[in-house]
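Dear colleague,

Please find below the structure I am handing over to you. My notes on it follow.

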Amino acid sequence: KPYSASTSSSFLPSISQPINPAMAGRILIVFDGTRGDTQPYLLAGKALMKAGFDVMVTGPGDAGRMAQDFEVPFVRTRLSAQKVFADPEMAKEFATDDLSKVLASAEKKRDEFLTEGSKQKDLEALCNLFQEWKPDLVLAGLVTLGLVIMISKVHKVPVVSFTLQHGRVCKTLKPMYMPKWLPKFTWRRVWMVFAFLLARSEFKMSGPAMSKILGVPKAQLHLTANDIMRYWAAQATFLSIIGTSEVVHGHLPEDFNGNNVQIGAFMSPLEEEQSMSSFGSEEMQVMQKFIDAGSAPVYFGFGSIICFTSKYMTLLCLRALRLTGERGILCRGWSRMCLEDLQGEKDEEDLKAYCHEKVLFVDKAPHGWLFPKCQVVVHHGGAGTFHASIRGGQPTVVAPIFCDQPQHSGLVNEKGFGVGLKSMQKATPLEIADAIRKCINTPSIRAKAKEMGEQMMKEDTQAKLVEVIQDYMESHIRTGKHMKMLEELEQEKGGCLAGCCSRSSGASSSNY
């Protein structure tokens, strides 16, 4: 069986090939991204499995270890994210916060790390999941949405989008990377351009190979902005699941129709569930000993993103921490922050002495367990860490680097549960130190952080996801309604960017 090869990047416990009548249905989850993306999609898979669904998750190769910890069936169909994101050249591009440069560099790195043979193998593995495993429904993240749509054109499998951000083609949310002065009346058109570029890029990159693998003319796979907007727009035609928290982001904007469903934020498990090595459980004893030895520490961690270099990040964090006089835990993540980064600096010996007394370096940290034990949580504002820090009930300082992180930084200031900085690239040790002090010494910030943490603890995201999927399976999948709607849309003309303004989604205001 093509998709059951025994590799370190695949985890397949004994799953029978025939469809089990007792199962609620077969769900394939297709995503790409870093650890912050991997955790939510695996948690979603685990929740659906507990509800009786037969689940398969597929994505970047380095997600295999975490999938094994979660005991969720997994197959690699994408390049390991760490190879790209931890590359020094990528770190320099992240620091520019220029989307075009980041995307160009990411594509260049993928070309360096992937041979034509390995690209073909990954695409074949994904196609085999459609053909051999035969899912009833596919949940696709934004990065993989275009590719999944192309495959579904041939295999006729229903697709819904499942994203971790609010952002999509709409008129009420400012597009990422756009300047503050951008007039509101242009927002939707900018989003439409983004959808157009997303479709064009995926078709150009994967279309020729997919045509050969699927044995169909390339024209049959043609991907348009309209295709994307059926699943990823305020007026979506089909179910569009949004993994964000109402506590933090508020309700969906007014122009979002009922097909967009906000279910809450998928975060790393709670304290009692974090016994897995992928969350850093092997370092919990060392961290607890450090915590017990003095005052509550300040946490520093930036996940999978590197700003300039590890040395830059290490010096920025340690110099800021030393200005506060507080104890700290530095989580390396993919940056590899360490004491060796201090070599050659004028304050090397002073910082080393401070670290010896008041700082602990760790490779990974179980957020659900650690954050409630900290005074302040300093991080980059990635969706996973951002939501976990809020749920921890302690003030947060966001030093954003890239993507949706500046928006999260703005939310921190807007809601008043911490301090959001403009960017990590321009931050100074004094600025970060002042932000930490403000969080520690401002009662209103601490009270708001506690309040929001308590509210987030009440959100049952996994139960909501199961409820939504069960409902959609009954109303649209088993009845054939989803595919009938898609067939009607395919018979209509469209696909050019200009056509996106008209009946691009065919959506109604009713749910689904």
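Leaving aside its neighbours within four places in sequence, with which residues is Ile469 in contact? They are Ile27, Leu48, Phe53, Leu137, Leu139 and Ile241, where contact means heavy atoms within 4.5 Å.

Some conventions come before the rest. This is a predicted model, in which local features need pLDDT of at least 70 and side-chain atom pairs count only at pLDDT 80 or more, while totals for chains, interfaces and linings use all residues. Residues are numbered from 1 along each chain as its sequence is written, and side-chain values use heavy atoms, with hydrogens and water left out.

**Nonpolar cores**

A nonpolar core is a set of buried Ala, Val, Leu, Ile, Met, Phe, Trp, Tyr and Cys residues joined through side-chain atoms within 4.5 Å; buried means under 20% relative accessible area, exposed over 50%, and partly exposed in between (1.4 Å probe, protein chains only). The largest such core has 83 residues, and Ile469 is among those with the most contacts inside it, together with Ile27, Ile29, Leu48, Leu137 and Leu139. Helix 8 (residues 187-214) gives the most to this core, with eight residues. Another core, of 44 residues, lies apart from it and includes Tyr354, Cys355, Ile401 and Ile436.

Helices (H or I, at least four residues) and strands (E, at least two) are DSSP runs, numbered from the N terminus. Strand 5 (residues 159-163) has both faces covered: Val159, Ser161 and Thr163 are buried on one side, Val160 and Phe162 on the other. Two strands pair if DSSP finds at least two bridges between them. Strand 4 (residues 137-140) runs parallel to strand 5 and is joined to it by three bridges; Ala140 has Ser161 as its bridge partner. On the other pairing, three bridges join strand 5 to the parallel strand 6 (residues 240-242), and Ser161 stands opposite Ser240.

**Helices 12 and 13**

The buried residues of helix 12 (residues 310-324) include Met313, Leu316 and Leu321. Among the elements that cover them are strand 8 (298-301), strand 9 (328-331) and helix 17 (429-441). Gly325 follows helix 12 and has a positive phi, near 80 degrees.

In helix 13 (348-358), Glu348, Leu351, Tyr354 and Cys355 are buried. Seen down the helix axis, these buried residues fall within an arc of 130 degrees (taken from the directions from the axis to the C-beta atoms), so they line one face of helix 13. They pack against helix 12 and strand 10, whereas the face turned away carries the exposed residues Glu349, His356 and Glu357.

Yours sincerely

Terms used:
The expected span of a helix is 1.5 Å times one less than its number of residues.
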